[in-house]
Amino acid sequence: MSLPTVFLVDDHQLIRSGLKVELAGAVEVIGEADEVDAAVELIIERRPDVVLLDVHMPNGGGQRVLRESLEAGSTSKFLALSVSDAAEDVISIVRAGARGYVTKSVDRDQLIDAIHRVAGGDAVFSPRLAGFVLDAFARDDPAGLADLDPELDQLTAREREVLRHIARGYTYRDIARELGISVKTVESHVSSVLRKLQLANRHQLSNWASERRLS
Amino acid sequence: MGVSTTERIVIIRPEPRLGVPQRPLRRAQEGVVAGVCLGLAVRLGLRARTIQIFFVVASIAFGAGALLYAALWLLLVRSGETDSIVQRLTRRRAPANLVIIGLLAAMVLLVALHSLGAGWFGVTLVVAVTAIAGGALGVWGASHDERAHLRSVIEATPLSGALAVRGWRAVAWRVVPGIALLVVGMLISSHLGGLWSNVVPAFLGGAAVVGGVLLLLAPWWLQSALDLSKERRERVRIQERAAVAAHLHDSVLQTLTLIERVAEDPAQVRRIARTQERELRQWLYDPRAGAEMADSLAVALGGVVADVEADYQVRVELVVVGDAPMDDVAGALVSAAKEASVNAAKWSGADVVALFCEVDTTRISIFVRDAGRGFDLGAVPEDRHGIRSSICSRVESVGGTASVRSTPGEGTEVALSAERAGTKP
């Protein structure tokens, strides 16, 4: 299997060069950009397998890169990479279409693993993102106002169990063994959570992050 | 003989400009006209308003206030400058300057003589002329800065301001009808005779006076109200900026300085950077920090992370789902979790310890996991202190359960769980 092609988007030169050094040999870095417009243009032109996307950048940040690339028909997968722990940043970039979210403190092996996973069509959740998702979906809707679609607006018991293990620091392989299922099944559970996260229209989810900030 | 030196890091914090100057400097920037009153007030420790009232009363009563004000304007040094206006003018040594100052001095002398009894001239006139001449000299001799300030004072005054900003024609449109209304109003009012027969003219007269005043002053009043709110917003913005700057200074700048000093010791650098990172994150992102939930489970676990990371070379990844107030149950779980984290940090050899806490309506569950070397549970003697007493017994004392799973070579996980207080039937 050939190495996945990766495009770096980050407005900090230091981070980009650090990433290039870390990723050398494990993936093929085919370009980089330090601002939104150039990023969108180059992503469409070079068709990388994976875009490593900084969440916080001037002029709309990672979200704009994501939106405009997807609108322009890009088929690249996006993996958000950020120093931010703010729930609204994490949730909104994933809802905008990122296939995963990892923090910049992630170590080399985990990052490479995450890139390969995203390139293969799977989702990547950091423990913190798993925690946020559990928190966001944990809320009941006592008044029944949100007109919940059980398919989209609730997690299955199994999905919850998988997310809990991610939050506890387990790798997919560990989770598979722990729950007595295959790694493929773990991956499909995570992808399904990602889909729900992106498509769920429950009121709580869209407002959850900002409410959390205010409360 | 070695001399031991203790290195200390001194960081000087930018202080706002405080303190009382030795001389009664004119505070021209903050003052109303030339800053004489404000300067005196600061020097004498009185309120500026008191001094201003004194000057106004003295001006009305004897004309002396205006005279004194003009003299002080010329003689006192403006704050931020080194020379008074008189010093500047005499130093230039232009004959015209010397003549003017001489004349001014002569007039002051005349006034002084008059007050001693040699009164053969109109003292009011001389006082007025002297004060006006002094003021004019002040404006003329003022520095570039001070002139700019005076111009803004003039522009902020109703009529002169309108003239300076908009020019004659625009002002005439407002002033001429305004004055006309005032005059008409006063004429009508002054011809009032009986009480009831003149109700209508009296009303008209009053209305005309009010209308005239409004017409003359409204734009100025609106403008100053607008300036005031703009100024207030600006002040709030500046205060916020100052708070952020102070925080960054206290924390980040301090840490960077520390890091520069211990650059040869990677472990130290990592520890310091990590501590700072955690503090900054908490300040930026954690809504719970400093809020009313200050004694919540999530905050207490944050404290555990801080303590463990400060003492050992590990990163603790904390994920909390839900939150609960601190009570006996939560307290026991937190201290057990801390013990477990310390064990993981000490013995596992892993760089990362995952700390996960989930709170639902009835239970609190905490998991402490590392992917380190692990150990054989059977090989640990029954009486080993750490796990038995610190972890298990603490949790069991509040009716909870603790379990440890470990596989050599793969890692260890401690699971703690207890029913929340007040949820038992």
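Buried area is taken here as the accessible area, computed with a 1.4 Å probe, that two parts lose on being put together, summed over both. In this predicted model, local features need pLDDT of at least 70 and side-chain atom pairs count only at pLDDT 80 or more, whereas totals for chains, interfaces and linings use all residues. Residues are numbered from 1 along each chain as its sequence is written, chains are lettered from A in the order in which they are written, and side-chain values use heavy atoms, with hydrogens and water left out.

Chain A and chain B bury about 1900 Å² between them, with 44% of this area on carbon and sulfur atoms. The contact (heavy atoms within 4.5 Å) takes 21 residues from chain A and 19 residues from chain B. Five salt bridges are found across the interface, a salt bridge being a side-chain nitrogen of Lys or Arg within 4 Å of a carboxyl oxygen of Asp or Glu; E178(A) and R405(B) meet in such a bridge through their side chains, at 2.9 Å from N to O.

The largest nonpolar core has 53 residues, and those with the most contacts inside it include V9(A), I93(A), F125(A) and I166(A). Such a core is a set of buried Ala, Val, Leu, Ile, Met, Phe, Trp, Tyr and Cys residues joined through side-chain atoms within 4.5 Å, where buried means under 20% relative accessible area (1.4 Å probe, protein chains only). Domain 1 (5-138) and domain 2 (143-211) of chain A, with bounds from an automatic or database domain assignment, both give residues to this core, so it lies between them.

Note on methods: Buried < 20%, exposed > 50% of the residue type's maximum accessible area, 1.4 Å probe, protein only.
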